[in-house]
Amino acid sequence: MAIDDKTRTELEAAAFRRLVDHLRTRTDVQNIDLMNLAGFCRNCLSNWLKDAADAQGVALSKDESREAVYGMPYETWKSKYQGTATPEQLEAMKKVHPHGH
């Protein structure tokens with residue numbers, strides 16, 4: 001099945017929105033867990049969104065891109081949902097990303 005570029009872009013955008021919605025509902029899943037298991041986290045998604053905006057010449061700040069992913073200001077999400085990383089999580093992060101995230 002051949003998909004034209006416009007349709008492919010629309011499908012990819014729908015999949016991205018669904019992923020973001022899913023991550024917004026899974027506040028129990030910490031970013032460090034996502035990084036350790038999948039190699040990316042909510043912050044990565046927001047950075048990729050900002051990179052895409054920059055490439056298109058669209059004004060989007062880091063705070064705006066994070067709010068687009070988190071569904072609220074990043075500092076609000078952190079205070080409501082972000083826990084303290086355990087020593088085990090930090091050790092796993094060093095193994096997965098030895099040069100830092």
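Buried residues make up 26% of the 101 residues in the chain. Buried means under 20% relative accessible area, exposed means over 50%, and partly exposed lies in between (1.4 Å probe, protein chains only). The model is predicted: local features need pLDDT of at least 70, side-chain atom pairs count only at pLDDT 80 or more, and totals for chains, interfaces and linings use all residues. Residues are numbered from 1 along each chain as its sequence is written, and side-chain values use heavy atoms, with hydrogens and water left out.

**The chain as a whole**

The chain has six helices and zero strands. Helices (H or I, at least four residues) and strands (E, at least two) are DSSP runs, numbered from the N terminus. Read from the N terminus on, the elements run α-α-α-α-α-α. The C-alpha atoms fill a box of roughly 45 × 30 × 25 Å, taken along the principal axes. Take the contacts in the chain between residues at least 6 apart in sequence: 50% of them join residues at least 24 apart. Contact means heavy atoms within 4.5 Å.

UniProt, in an unreviewed entry, places the feature "domain: SMc04008-like" at residues 29-95. UniProt positions are given in the numbering used here, feature names are shortened, and annotations may be inferred rather than shown by experiment. Over residues 29-95 the chain is 73% helix and 0% strand. The end C-alpha atoms of that stretch are 20 Å apart.

**Helix α2 and its partners**

Helix α2 covers residues 31-38, and helix α6 covers residues 87-96. The two pack at an angle of about 40°, with their axes 9 Å apart. That makes α2 oblique to α6. Axes are lines fitted to C-alpha atoms, for helices over the stretch in contact, and angles run from 0 to 180 degrees between N-to-C directions. Angles under 35 degrees count as roughly parallel, over 145 as roughly antiparallel, 65 to 115 as roughly perpendicular and the rest as oblique.

α2 passes α6 in a left-handed crossing. A crossing is left-handed if the near helix is turned anticlockwise from the far one by less than a right angle, and right-handed if clockwise. On the α2 side, the contact is made by Ile32, Asp33, Met35 and Asn36. On the α6 side, Gln89, Leu90, Ala92, Met93 and Val96 take part. The residues of this contact divide into six nonpolar, two polar and one charged. Ala, Val, Leu, Ile, Met, Phe, Trp, Tyr, Cys and Pro count as nonpolar, Asp, Glu, Lys and Arg as charged, and the others, Gly among them, as polar.

Which residues of α2 are buried? They are Asn31, Ile32, Leu34, Met35 and Asn36. These buried residues pack against α1 (5-25), α3 (42-56), α4 (62-70), α5 (74-81) and α6. After α2 comes glycine 39, whose phi is positive, near 85°.

**Helices α3 and α4**

The axes of α3 and α4 come within 8 Å and cross at roughly 125°. α3 and α4 are therefore oblique to each other. α3 passes α4 in a right-handed crossing. From α3, the contact uses Arg42, Asn43, Leu45, Ser46, Leu49 and Lys50. From α4, it uses Lys62, Ser65, Arg66, Ala68, Val69 and Tyr70. These residues divide into five nonpolar, three polar and four charged.

Leucine 45 sits in helix α3. Is leucine 45 buried or exposed? Leucine 45 is buried, because its relative accessible area is 4%. Leucine 45 touches Phe16, Leu19, Leu23, Phe40 and Val69, not counting residues up to four places away in sequence.

Asparagine 43 is also found in helix α3. Asparagine 43 counts as buried, at 10% relative accessibility. Leaving aside neighbours within four places in sequence, asparagine 43 is in contact with Asn31, Arg66, Tyr70 and Tyr74.

Glutamate 88 lies in helix α6. Glutamate 88 counts as exposed, at 59% relative accessibility.

The table pairs each of these residues with another one in the chain.

| Pair | Apart in sequence | Apart in space, C-alpha to C-alpha |
|---|---|---|
| Leucine 45 and aspartate 63 | 18 residues | 13 Å |
| Asparagine 43 and alanine 59 | 16 residues | 18 Å |
| Glutamate 88 and glutamate 75 | 13 residues | 24 Å |
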